[in-house]
Amino acid sequence: MNLTPRQIVQLHGFNNLTKSLSFNMYDICYTKTREERDAYLEYIDEVYNAERLTNILSNVADIIGAHILNVAKQDYIPQGASVTILVSEGPVDEAETEAFEESPGPIPGSVVAQMDKSHITVHTYPESHPDEGISTFRADIDVSTCGEISPLKALNYLIHSFETDVMTMDYRVRGFTRDITGHKLFIDHEINSIQNYIPAEVKKLYHMIDVNVYQENIFHTKCKLKEFDLANYLFHQSKADLSVEEEEITEKLVTEMDEIFYGKNITD
């Protein structure tokens with residue numbers, strides 16, 4: 001399917017396909033003391049508060065061509081935030097041709113602009129290990145659209161909007177729509193991997209694994225940074241300040257990243 005649905009398929013009524021992208025990112029940090037852990041959680045709550053997350057999701061709405069209908073946002077105590085945006089689709093004739101192509105979307109600072117029965121949400125989950133000195137921050141972003149424009153166009157922007165050590169992404173097309181003859185269409189665009197929507201320069205930075213179920217239109221990709229520099233994972237301290245061996249801290253951080261990436265406990 002090299003041409004867009006608009007060019008080769010005449011639909012019987014509205015496009016009823018639901019396309020859902022789940023983007024989960026993780027930031028990992030070494031926080032030596034209870035005070036450092038508390039400070040890290042405060043920092044995360046400030047940097048990723050509901051107001052900033054609303055701005056990020058509003059840009060996502062622009063990228064995928066959505067009109068915002070309603071915004072609900074909340075900062076939680078003791079930590080975390082949530083934002084939910086309801087959106088609607090404009091006429092597909094207003095969409096840029098590039099919106100239908102299988103390619104990475106724009107990055108922050110390069111946003112374009114039109115969906116129905118659709119939503120965009122984000123929830124944040126800061127937490128810390130009680131003994132190991134490891135703190136993590138997770139953000140779950142879900143972009144669900146009903147219509148022709150794909151939420152995958154927001155993926156490049158989301159990757160660049162968060163400091164990401166580990167990412168997991170799921171994309172699924174659900175339901176069906178009909179052409180004018182009544183023939184069911186269970187997908188209306190070509191895709192063989194979520195990686196097709198990640199720029200080459202980003203893919204070079206990550207180890208990546210795909211788990212795809214093509215016959216069910218289910219696609220899963222997970223990513224872990226290749227390069228590790230301990231200095232990037234220390235909060236309010238430098239390597240010179242460490243009283244614990246660098247190798248010990250590095251092992252804890254790398255193990256944390258591996259366990260998140262592979263989805264299982266390695267040290268048990």
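Modeller: Gladly, and keep in mind that this is a predicted model. Let's begin in helix H2 (residues 34-47), where aspartate 38 and arginine 34 are four residues apart, so about one helical turn separates them.

Biologist: What makes aspartate 38 and arginine 34 a salt bridge?

Modeller: Their side chains meet with N to O at 3.5 Å. The cut-off is a Lys or Arg side-chain nitrogen within 4 Å of an Asp or Glu carboxyl oxygen, so the label applies. There is a general point about helices here too: with 3.6 residues a turn, residues three or four places apart point the same way.

Biologist: Why is arginine 34 called exposed, and what is aspartate 38 called?

Modeller: Arginine 34 has 55% relative accessibility, so it counts as exposed, the cut-off being over 50%. Aspartate 38, at 36%, counts as partly exposed, because that term covers values between the 20% and 50% limits.

Biologist: How many salt bridges does the structure hold?

Modeller: Seven. Another one joins lysine 252 and glutamate 132, at 3.4 Å from N to O. Lysine 252 lies in helix H6 (residues 246-262) and glutamate 132 in the loop between strand S4 (118-128) and strand S5 (134-146), so this pair ties together parts that are 120 residues apart in sequence. Lysine 252 is partly exposed at 23% relative accessibility, and glutamate 132 is partly exposed at 33%. Glu132, Glu248 and Lys252 are linked in a network of salt bridges.

Biologist: Which salt bridge does aspartate 188 form, and are its two residues buried or exposed?

Modeller: Aspartate 188 pairs with lysine 19, the closest N and O atoms being 3.0 Å apart. Both aspartate 188 and lysine 19 are buried.

Biologist: How do you know whether threonine 31 is buried or exposed?

Modeller: Threonine 31 has a relative accessible area of 0%, so it is buried, the cut-off being under 20%. Threonine 31 sits in the loop between strand S1 (18-30) and H2. Beyond its neighbours within four places in sequence, threonine 31 is in contact with several residues, including Glu36, Tyr40, Ile134 and Phe235.

Biologist: What makes the link between the side chains of threonine 31 and serine 135 a polar contact?

Modeller: The two side chains are joined at 2.8 Å.

Biologist: Let's turn to helix H3. How do you know that its length agrees with its number of residues?

Modeller: H3 has 15 residues, which at 1.5 Å a residue should span 21 Å; the end C-alpha atoms are 21 Å apart, so the two agree. Just after H3, glycine 65 takes a positive phi of about 80 degrees.

Biologist: Why is alanine 50 called buried?

Modeller: Alanine 50 is at 3% relative accessibility, so it counts as buried. This residue belongs to H3, whose other buried residues include Leu53, Ile56 and Val60. Leaving out residues up to four places away in sequence, alanine 50 touches Lys73, Gln74, Asp75, Ala81, Ser82 and Val83.

Biologist: Which residues touch the most other members of the largest nonpolar core?

Modeller: Phe23, Ile141, Leu155 and Phe162 do, in a core of 64 residues. Helix H3 gives the most to this core, with eight residues. Phenylalanine 23 has contacts beyond four places in sequence that include Ile141, Leu155 and Phe162. In soluble globular proteins generally, nonpolar side chains tend to be buried together.

Biologist: Why is strand S10 (residues 218-225) described as largely enclosed?

Modeller: Seven of its eight residues are buried, so the rest of the structure largely encloses S10. Arginine 172 stands opposite isoleucine 218, while methionine 208 has cysteine 223 as its bridge partner.

Biologist: What makes two strands count as paired?

Modeller: S9 and S10 form a hairpin with four residues between them, and asparagine 217 in the turn has a positive phi of about 55 degrees.

Terms used. Residues are numbered from 1 along each chain as its sequence is written. This is a predicted model: local features need pLDDT of at least 70, side-chain atom pairs count only at pLDDT 80 or more; totals for chains, interfaces and linings use all residues. Side-chain values use heavy atoms; hydrogens and water are left out. A nonpolar core is a set of buried Ala, Val, Leu, Ile, Met, Phe, Trp, Tyr and Cys residues joined through side-chain atoms within 4.5 Å. Buried means under 20% relative accessible area, exposed over 50%, partly exposed in between (1.4 Å probe, protein chains only). Helices (H or I, at least four residues) and strands (E, at least two) are DSSP runs, numbered from the N terminus. Contact means heavy atoms within 4.5 Å. A polar contact is a pair of N or O atoms within 3.5 Å; within protein, one must be able to donate a hydrogen and the other to accept it, and residues adjacent in sequence count only if both atoms are side-chain atoms. Two strands pair if DSSP finds at least two bridges between them. The expected span of a helix is 1.5 Å times one less than its number of residues.
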